[in-house]
Amino acid sequence: TRIEHAGDLAITDEAVTAWYDARPGQFQRPQVQAQHILVKELTLAEELMKQLEGGADMAKLATDYSIDTPTAARGGELGWFERERMDKAFSTAAFAADKGALIGPVETRFGFHLILVTGKRDSVPLDEVRARIESAIRQEAVDAFMREVRDGMQLERMAPLVVKPDQPDQPDQPDQPDQPDQPEGTHSPDQGHGSEGVETPP
């Protein structure tokens, strides 16, 4: 449709890059990538930490021991996250550590965490948010197209009210000669005496 076509035409590499660059506050934010194991007992956390320091596999221990069920199914993977997303104690420890660092136990209201920092970055790469940006650009273009259509329809409806059709020039009418006043009691030459409406002398 014309609406979809308008949206698709708006999506170019230049438009996507410009949209991304114009919103630094939205995409240029520090993030950490990490795996973790969450347990309730401090003694178990300390034991697992020793195993990790000895070379045990983080993903396997997370699957076997972590009580954070959703991430345990992914080997403890948390993906990329911003500081505000996590518990304050967890974020403080993770963001202070270098990439590749193994830290813990870190206590939060959920229990004791063992954290492996697998990545750090200062902003979200364009490629990771390209699909979201393209969707936003498409919607903006569709909205603009619809506004143009509505504005055009309004102008068409208003046109008869504000534009008068051209009127053809009317030819000047020649001046009519003044007709002489006739005195009362007289008649035109072709009227005979005694005609209706005319008095005759006594």
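Colleague: How many helices and strands does the secondary structure of the protein chain come to?

Modeller: There are eight helices and four strands, where helices (H or I, at least four residues) and strands (E, at least two) are DSSP runs numbered from the N terminus. Along the sequence they follow the pattern α-α-α-β-α-α-α-β-α-β-β-α. Residues are numbered from 1 along each chain as its sequence is written, and side-chain values use heavy atoms, without hydrogens and water.

Colleague: How many aromatic pairs are there?

Modeller: Rings of Phe, Tyr and Trp (its six-membered ring) pair if their centres lie within 6.5 Å; planes under 30 degrees apart count as stacked, over 60 as edge-to-face and the rest as tilted. By this rule there are four aromatic pairs.

Colleague: Why is the pair of Trp19 and Phe27 called tilted?

Modeller: The ring centres of Trp19 and Phe27 are 6.4 Å apart and the planes stand at 55°, so the pair is tilted. Trp19, Tyr20 and Phe27 form one aromatic cluster.

Colleague: What makes Trp19 buried?

Modeller: Buried means under 20% relative accessible area, exposed over 50%, and partly exposed in between (1.4 Å probe, protein chains only). Trp19 has 13%, so Trp19 is buried. Phe27, at 2%, counts as buried too.

Colleague: Why is the pair of Phe81 and Phe95 called edge-to-face?

Modeller: The centres of the Phe81 and Phe95 rings are 6.1 Å apart and the planes are at 80°, so the pair is edge-to-face. Phe81 belongs to strand S2 (residues 77-81) and Phe95 to helix H7 (residues 88-96), so the pair ties together parts 14 residues apart in sequence. Both Phe81 and Phe95 are buried.

Colleague: How do you know that the charged end of Arg83 sits over the ring of Phe95?

Modeller: The rule asks for NZ of Lys or CZ of Arg within 6 Å of the ring centre and within 35 degrees of the ring normal. The charged end of Arg83 meets it, 4.4 Å from the centre of the Phe95 ring. Arg121 sits likewise over the ring of Trp80, 3.9 Å from its centre.

Colleague: Over which residues does pLDDT stay under 50?

Modeller: Over residues 185-202, for which the model has six contacts (heavy atoms within 4.5 Å) beyond four places in sequence. Where pLDDT is low, the predicted coordinates should not be read in detail. The protein chain averages a pLDDT of 81.

How values were computed. Predicted model: local features only at pLDDT ≥ 70, side-chain atom pairs only at ≥ 80, totals over all residues. pLDDT = per-residue confidence, 0-100.
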